[in-house]
Amino acid sequence: MTALLDSLLELIRRTSAEIPDDVQQAILQSLENEKKGTIAESALKIIERNIALAKQKSQPICQDTGSILFYVDAPIGFDQIHFAETAREAVKLATKKGYLRQNSVDSLTGKNDGTNVGPGSPALHFHQHRNSTIEVRLVLKGGGCENVGAQYSLPDEKLHANRDLAGCRTAILDAVMQAQGKGCGPGILGICIGGDRATGYELSKTQFLRRLEDRNPNPELDRLEQDILSTANELGIGPMGFGGKTTLLGVKICAANRVPASFFVSISYMCWAYRRQGIALNPATGTVQSWLY
Amino acid sequence: MTPLQAPFTQEKIRALRVGDAVEVSGVMFTGRDAVHKYLHEGGSLPPEVNLRNGILYHCGPVVMKDEAGQWKVTAAGPTTSIREEPYQWQIIRDFGVRAVIGKGGMGQRTLDACREHGCVYLHAIGGAAQVLAECVKRVRNVYMMEKFGAPEAIWELEVEAFPAVVTMDAHGGSLHDQVLAASQAALARSASSPR
């Protein structure tokens, strides 16, 4: 086994089995906030126990090990083809070992060949940068939360949402409302204001690479993030939609330019089982230099 | 916490109310998208799959074979139930299911079928694959594996103290409807007093 294959396999294992620290902190905090003796509190207690058990047993936190999304930042001259081949190999191996469920289905025939490798799986996003470092981030995003994602085209007459930040706020809160508990809340929203239908969703998902406690450098977006978070948590949807104080754990928003004719707000919902990890690789050997979260 | 031992009598199921926390023990069968569509289209179940007075669990588990060749469930949380809304009422009616376990809740047709036929919807904790896998004491069998693949196959599981919450009862009560209405009212209040 090459060092790169080894590193990617370990990245997949750890992403699937271990919740990142920032997310765990947020879940513990929400457990403290919930009213004692409620079903919301008992749901969060089971979630807390599940996180500990998955780590201890090195088993998937959630059986839906999700869409496999790699984000790779690499220097000029980096061999993307070799990386992609190795990543596919690592995914196959991880599936054999049970770190990933046999989770990839041919959309036309309905066949699941059990490898998790096929058209579009895993998804690989490469970004070139001028540093010498190689950073690989992985997000495993389950289908339940993916299904409650939503894209709004503003103006939206039914929602009275115009092409401004107030309109974006209305659309985002509508998405939270529609999702209720179906996306395995408490959830985290990744949002892109602008872009086209494809880039809007793509960029909304890159927001999941941010740490939960970070703040948006753009003051307007920062205000919107804080506002949506506190407003959503007053709606009483709660963990699993059982009612309660914690509907969202975080809101992350970016903006992209749009064409004058379009104004999309693209909202991706991440479940509490927020599986995101990353590694910095030694460029010479392919071994793991450090963990990014 | 109410312990529930499958199979169930209708009386036992009708005694449950929205908001009750339960712990389920006994046999359950998994069935998700492919199985529901198949049954809706008139497909028949293998004779060993007896859902009468039993449990249908919306779940696509991770199952591995151990060294001895025994199946072992290594992750087994619920999947989103609303996708089965077009089919569930019919399966409750035709197969005599007493408890559907899943997540996210279901709609009016399922709620009506629960009331009419004496069935409840039990909400498990979505994503809690390890806690719930621990409750699976044995895999008794698997059916239709060839046809549907591992996550979509019908797994016959023996469980102990599987935690869930009654969110739709056999009297027309739905926690999902209650929370939706309350959150809509809260949102309307927040919209009328913007920050």
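User: Which domains does the domain assignment of chain A give?
Analyst: This is a predicted model, in which local features need pLDDT of at least 70 and side-chain atom pairs count only at pLDDT 80 or more, while totals for chains, interfaces and linings use all residues. Residues are numbered from 1 along each chain as its sequence is written, with chains lettered from A and ligands numbered from 1 in the order in which they are written. Domain bounds come from an automatic or database domain assignment. For chain A, that assignment gives domain 1 (3–15 + 61–142 + 275–291) and domain 2 (144–270).

User: How many residues does each domain of chain A bring to the contact between them?
Analyst: The centres of domain 1 and domain 2 of chain A, taken over C-alpha atoms, are separated by 26 Å. Two residues are in contact if their C-beta atoms, placed from the backbone, lie within 7 Å. On that criterion, domain 1 of chain A brings nine residues and domain 2 of chain A brings seven residues.

User: Which strands of chain A each supply at least two residues of the side of domain 1 that touches domain 2?
Analyst: By class, this side of domain 1 of chain A holds three nonpolar, two polar and four charged residues; Ala, Val, Leu, Ile, Met, Phe, Trp, Tyr, Cys and Pro count as nonpolar, Asp, Glu, Lys and Arg as charged, and the others, Gly among them, as polar. Helices (H or I, at least four residues) and strands (E, at least two) are DSSP runs, numbered from the N terminus. The strands of chain A that each supply at least two residues here are strand 1 (67–75) and strand 3 (134–141).

User: In what order do the strands of the five-stranded open sheet of chain A stand?
Analyst: Two strands pair if DSSP finds at least two bridges between them. Strand 1 and strand 3 of chain A are joined by seven bridges and run antiparallel, with A:Ser67 opposite A:Lys141 in strand 3. The edges of the sheet are strand 2 and strand 9 (288–291) of chain A, each pairing on one side only. The pairing is mixed, and the order is 2-1-3-8-9.

User: At about what angle does helix 1 of chain A run to strand 8 of chain A?
Analyst: Axes are lines fitted to C-alpha atoms, for helices over the stretch in contact, and angles run from 0 to 180 degrees between N-to-C directions. Helix 1 (residues 3–17) of chain A packs on the five-stranded sheet, touching strand 3, strand 8 (275–281) and strand 9 of chain A. With the direction of strand 8 of chain A, that of helix 1 makes about 155°.

User: Which strands are the edges of the four-stranded open sheet of chain A?
Analyst: The sheet has mixed pairing in the order 4-7-5-6, and its twist averages 15° from one strand to the next. Within it, strand 5 (residues 187–194) and strand 6 of chain A run parallel and are joined by eight bridges, A:Gly194 having A:Ala256 as its bridge partner in strand 6. The strands that pair on one side only are strand 4 (150–153) and strand 6 (248–256) of chain A.

User: Which helix of chain A lies across strand 4, strand 5, strand 6 and strand 7?
Analyst: The helix in question runs at about 40° to strand 7 (264–270) of chain A. It is helix 7 (residues 197–206) of chain A.

User: Which peptide bond of chain A is cis with omega near -5°?
Analyst: Most peptide bonds are trans. A cis bond joins A:Leu154 and A:Pro155, with omega about 5°, and A:Pro155 lies in the loop between strand 4 and helix 6 (165–179) of chain A. A:Pro122 lies in the loop between helix 4 (80–96) and strand 2 (123–129) of chain A. The cis bond with omega near -5° runs from A:Ser121 to A:Pro122.

User: Is A:Gln180 buried or exposed?
Analyst: A:Gln180 has a positive phi of about 45° although it is not a glycine, and its place is the loop between helix 6 and strand 5 of chain A. A residue is buried if 20 or more other C-beta atoms lie within 10 Å of its own, exposed if 12 or fewer, and partly exposed in between, with C-beta atoms placed from the backbone. Because 22 other C-beta atoms lie within 10 Å, A:Gln180 is buried.

User: Which helix of chain B gives the most to the side of chain B that touches chain A?
Analyst: The contact takes 41 residues from chain B and 42 residues from chain A. The chain B side comprises 21 nonpolar, 17 polar and three charged residues. Among the elements supplying at least two residues each are strand 9 (154–168) and helix 7 (175–192) of chain B. With 10 residues, the helix that gives the most is helix 7 of chain B.
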